[in-house]
Amino acid sequence: MRTLTPSSVLATILLGACTAEGPTAPESPALRASAAAGNFPDLIALPDGFWPEGIAFGRGSTFYVSSLATGAIFRGDARTGEGGLLVPPQPGREAVGLKYDAHSHRFIVAGGFTGQAYIHDAATGATLAVYQLADPAEGLTLINDVVLTRDAAYLTDSYRPVLYRIPLPPTGALAATGDIEALPISGDFEFDPATPIGNANGIVASPDERHLVIMNSANGALYRVDSRTGHASEVDLGGASLAGDGLLLVGRLLYVVEGPLDQITVVRLDPDLAGGAVVRTMTDADLQFPSTIARFGGALYAVNARFDVVPGPDVAYQVVRLEVGH
């Protein structure tokens, strides 16, 4: 099993997951009003040495952040900025992208170089399921990001041209290993297993769930992918190339985290997702090589993964709040 270490950080730049818009618990009007009034902190400290990657919001103002270094999960409160470890370090695990499932009050985590995915109870942090999606002994794998639809979780693999589909039964039952599907990505998607910065990365789903949009971090392109067949077509951005990692889709606006540039680029997609145009960029002095974002109220919350700094026990990490209007 290959694990992330400080010496491997340069080979994993841009290999974060995305945090995309998925099924989440509704926000209360009081919470939205409080956030709009500026009552929420703009900078939330994570534990030193945590080496974060993914972020997702759960019930109310609760959010979860994953740790690349140890597989731990931090649970915090966006209202107060306080929090602590919900899931302690897990030997042999990595936690990359994660998504919250409001129906079952669980979250699904991409397991990085382990080739695994995990399902945790969002109340207790208990591990409910471990799925071995790919065998690292058979070649490099990096289970990178996850998006939820009404009946499944889709996960990207940055070193293999497949999507993994884990059913999410409406009963809340856990999927059997034999029910997991490896969906080959075909069509226009350019996949280079030798690239040092990965391929399939951030992922979001269209509102009707017929298509997925995937960020290719190796060539800077976005792809529209049929969620049933895996057939991909490049999204026409008029020649624009993105240093993209995490994605967030809100209506037709796609927020693309460009970590090396310390910015979030906003793309307005066409109704059919076949094309789009960059409409603006968002920056903030507190951004330090962000990896992923999640939305809460009228703000985006970006994770400072700091991939340009060798991780260690004394490295500080944060979650940065950005008003969408900035």
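The views show a predicted model, in which local features need pLDDT of at least 70 and side-chain atom pairs count only at pLDDT 80 or more, whereas totals for chains, interfaces and linings use all residues. Residues are numbered from 1 along each chain as its sequence is written, and side-chain values use heavy atoms, with hydrogens and water left out.

**View 1**
Strands here are DSSP runs of E with at least two residues, numbered from the N terminus, and two strands pair if DSSP finds at least two bridges between them. Strand β7 (residues 106-110) runs antiparallel to β8 and is joined to β8 by five bridges; β8 is in turn joined by five bridges to strand β9 (residues 127-132), again in the antiparallel sense. Five of the six residues of β8 (residues 116-121) are buried, so that the strand is mostly covered, where buried means under 20% relative accessible area, exposed over 50% and partly exposed in between, with a 1.4 Å probe and protein chains only.

**View 1. The turns on either side of β8.**
The hairpin of β7 and β8 has five residues between the strands, and Gly-112 in this turn has a positive phi of about 60 degrees. The hairpin of β8 and β9 also has five residues between the strands, and here Gly-125 in the turn has a positive phi of about 85 degrees.

Val-87 lies in strand β5 (residues 83-87) and counts as buried because its relative accessibility is 1%. When neighbours within four places in sequence are left aside, Val-87 is in contact (heavy atoms within 4.5 Å) with Gly-71, Ala-72, Ile-73, Phe-107, His-120 and Gly-125. Thr-124 is 37 residues from Val-87 in sequence, while the C-alpha to C-alpha separation of the two is 8.1 Å.

**View 4**
Strand β16 (residues 211-216) is largely enclosed by the rest of the structure, because six of its six residues are buried. His-211, Val-213 and Met-215 point one way from the strand and Leu-212, Ile-214 and Asn-216 the other way, and all are buried. Strand β15 (residues 200-205) pairs with β16 in the antiparallel sense over four bridges, and Ala-205 stands opposite Leu-212. With strand β17 (residues 221-226), β16 pairs in the antiparallel sense over six bridges, and the bridge partner of Met-215 in β17 is Leu-222. Four residues lie between β16 and β17 in their hairpin, where Gly-220 in the turn has a positive phi of about 75 degrees.

**View 5**
Most residues other than glycine have a negative phi. Glu-209 lies in the loop between β15 and β16, a hairpin with five residues between the strands, and its phi is near 65 degrees, a positive value in a residue other than glycine. Glu-209 counts as buried because its relative accessibility is 19%. Arg-306, found in the loop between β24 (299-304) and β25 (317-323), has a positive phi near 55 degrees and is likewise a residue other than glycine. Arg-306 is buried, with a relative accessible area of 17%.
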